[in-house]
Amino acid sequence: PSKGSWFGWRIALNHTLPDKFPVAHMAGNFLQNLVMPTVMVVNRMQMALDAPEKYGVVAVGCELMQWYTTIEEEMLPIPVANHALAGSSSQDLINGIFYQVIDHEPRVVLYMCGCNDIHRGLSAGIVADSFSQFCSKLHESLEDTQVIYINNICTPLMESSGKADVLEDVNSRCRKICDEDPRLTYMDVNSLFMYSDGTQRKDMFQFFDNHNLTSLAYSEFSRALNHILKKTWDKAGGETMEHLANRDDEEVAGGEKEL
């Protein structure tokens, strides 16, 4: 299955069926558990064919990260590979951590996941614990790798479905996890999606589902992420920004491109 087709029915499963069609939701969950291993294998093969440079940045997460299609360009000169898969749950990231993340030995990991867990009815404690498990598993193999946790966005869909309180609880728990480990950075992006009076900016969300982000949203998100990522990259001991910016010139001059 393609990422696009997988996206369509998993988003329907996670965001529409629970409230409107509970029986169909139960059947869909059963089907999802059967199909997910196959999808992960296909995803793994795609990543093997398009392996990123080692020691760079790997982004993982749900559809909100997958559709951030300009991240690799906008984070330059820092090398970023976007391995997010639409519809992913926090458990999916744990299951795929070796081929999505560890095999590429990143200096920094961008983690943006949790909304699908919340819509499927998981508690804030379980979702936050999954993030903690992900980090523990990562650091067993790559003890110095930095992780930027991008908090769950309170989209209009999350608010209208009554999930905003759970989402806020997840973010609060994950902030505490980040505060307790210097290798983890908590990035709060919700302010980008609200006006000063606390109301949501509708122009930041796609009209057809009130959940996915518009190009304007990604543009503003990029500016905030670029600032955080540069600071975290320096903390992770990566090449200096000046050196990264000059790498293409060095390669043209006959230097070896090596991270």
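The model is a predicted one, so local features need pLDDT of at least 70 and side-chain atom pairs count only at pLDDT 80 or more, while totals for chains, interfaces and linings use all residues. Residues are numbered from 1 along each chain as its sequence is written, and side-chain values use heavy atoms, with hydrogens and water left out.

Let's start with the sheet. It is an open one, built from 5 strands in the order β2-β1-β3-β4-β5 with parallel pairing. Strands here are DSSP runs of E with at least two residues, helices are runs of H or I with at least four, and both are numbered from the N terminus; two strands pair if DSSP finds at least two bridges between them. At the edges stand β2 (80-82) and β5 (184-187), each with a single partner strand, so one side of each has no neighbour in the sheet. On average, neighbouring strands are turned by 20 degrees against each other, direction ignored. Such angles are taken between lines fitted to C-alpha atoms, for helices over the stretch in contact, and run from 0 to 180 degrees between N-to-C directions.

Moving through the pairs, β1 (residues 57-61) runs parallel to β2 and is joined to it by 3 bridges, with Ala-59 partnered by Asn-82 of β2. Helix α9 (residues 124-141) packs on this sheet and touches β1, β3 (108-112), β4 (146-150) and β5, where contact means heavy atoms within 4.5 Å. The direction of α9 makes about 165 degrees with that of β4.

Now for β4 itself. With β3 it pairs in the parallel sense over 4 bridges, and Tyr-111 sits opposite Tyr-149 in β4. Parallel pairing over 4 bridges also links β4 to β5, where Leu-184 faces Val-147.

As for the cysteines, the structure holds 0 disulfides, a disulfide being a pair of cysteine sulfur atoms within 2.5 Å. For Cys-115, the closest cysteine sulfur is that of Cys-62 at 3.6 Å, which is too far for a bond. Cys-174 is in no disulfide either, with the nearest cysteine sulfur, in Cys-178, 6.7 Å away. Cys-115 is buried at 3% relative accessibility, and Cys-174 is buried at 1%.

Key:
Buried means under 20% relative accessible area, exposed over 50%, partly exposed in between (1.4 Å probe, protein chains only).
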